[in-house]
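Please read them with the coordinates open.

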Amino acid sequence: MPVIDVNPLILKSVVATIGTDDYAKHLDQVTFTPASSQVAWTGLGGNSHTDASLATWTVQLNYVQDWETEDSLSRYLFEHEGETVPMVFTPKNGGPSFSAEVVITPGAIGGTVNAFATTSVTLGCNGKPVLVPVVPPEGP
């Protein structure tokens with residue numbers, strides 16, 4: 001049996017575009033999460049069958065609020081509620097990325113005194129995120 005090598009991911013040098021703008025400087029977390037349920041059936045003959053529903057996907061964004069900058073992520077989410085836009089998340093600049101169509105939901109407003117006003121929002125995805133591999137440059 002082959003031993004599979006691992007290249008652990010550390011989130012830094014991230015690219016995170018929503019619509020046409022890169023909001024990596026606004027975010028401290030991007031997490032795509034699938035959700036599915038198991039369906040089981042048991043027959044009288046002692047047989048059983050299990051299957052899973054097709055996963056639905058969401059993406060959680062944790063970010064710092066910025067209401068002063070006209071094109072901040074806070075304002076974008078607030079002003080584009082209900083719109084479906086493309087999102088591309090590249091966990092390591094120059095590496096593979098994930099693209100998805102996400103439905104915009106606004107995040108919370110405000111927070112705790114004497115602290116950065118951070119919040120999180122969960123956006124629904126239309127379908128499964130697509131893994132976009134890195135295409136090596138063509139030879140000389």
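1. A residue is called buried under 20% relative accessible area, exposed over 50% and partly exposed in between (1.4 Å probe, protein chains only). Threonine 42 has 59% relative accessibility and therefore counts as exposed. Threonine 42 belongs to strand β4, residues 38–42; strands (E, at least two residues) are DSSP runs numbered from the N terminus. Between the C-alpha atoms of threonine 42 and glycine 107 there are 44 Å in space and 65 residues in sequence.

2. This is a predicted model, in which local features need pLDDT of at least 70 and side-chain atom pairs count only at pLDDT 80 or more, while totals for chains, interfaces and linings use all residues. Residues are numbered from 1 along each chain as its sequence is written, and side-chain values use heavy atoms, with hydrogens and water left out.

3. The loop between β8 (97–103) and β9 (118–125) holds threonine 112. With a relative accessible area of 59%, threonine 112 is exposed.

4. Most residues other than glycine have a negative phi. The relative accessible area of asparagine 114 is 79%, so this residue is exposed.

5. Serine 13 is another non-glycine residue with a positive phi, near 55°. Serine 13 is placed in the segment before β1 (15–18). Because its relative accessibility is 52%, serine 13 counts as exposed.

6. Where is isoleucine 109? Isoleucine 109 sits in the loop between β8 and β9, and at 60% relative accessibility this residue counts as exposed. Together with Trp67 and Phe78, Ile109 forms a nonpolar patch on the surface, with about 320 Å² of accessible area in total. Patches take residues with over 30% relative accessible area and no salt bridge; like charges are joined within 9 Å, and nonpolar side chains (Val, Leu, Ile, Met, Phe, Trp, Tyr) within 5 Å. A salt bridge here is a side-chain nitrogen of Lys or Arg within 4 Å of a carboxyl oxygen of Asp or Glu. Accessible areas come from the Shrake-Rupley method with a 1.4 Å probe, and for residues only the protein chains shown count as cover.

7. Strand β8 contains valine 102 and serine 99. Is valine 102 buried or exposed? Valine 102 counts as buried, because its relative accessibility is 0%. Serine 99 has a relative accessible area of 22% and so is partly exposed. From valine 102 to proline 129 the C-alpha distance is 9.5 Å, across 27 residues in sequence. For serine 99 and valine 135, 36 residues apart along the chain, the C-alpha separation is 15 Å.

8. The largest pocket has a volume of about 270 Å³. A pocket is an open set of points on a 1 Å grid over the protein atoms alone, where a 1.4 Å probe fits, with protein on both sides within 12 Å along at least five of seven lines; lining residues have an atom within 4 Å of a point. Grid points are joined across faces, edges and corners, and the volume is the space filled by probe spheres set on the points.

9. The lining of the largest pocket includes Asn7, Pro8, Lys12, Ser13, Phe98 and Leu131. Its residues divide into seven nonpolar, two polar and two charged. Ala, Val, Leu, Ile, Met, Phe, Trp, Tyr, Cys and Pro count as nonpolar, Asp, Glu, Lys and Arg as charged, and the others, Gly among them, as polar.

Notes: Helix = DSSP H or I, 4+ residues; strand = E, 2+ residues; numbered from the N terminus.
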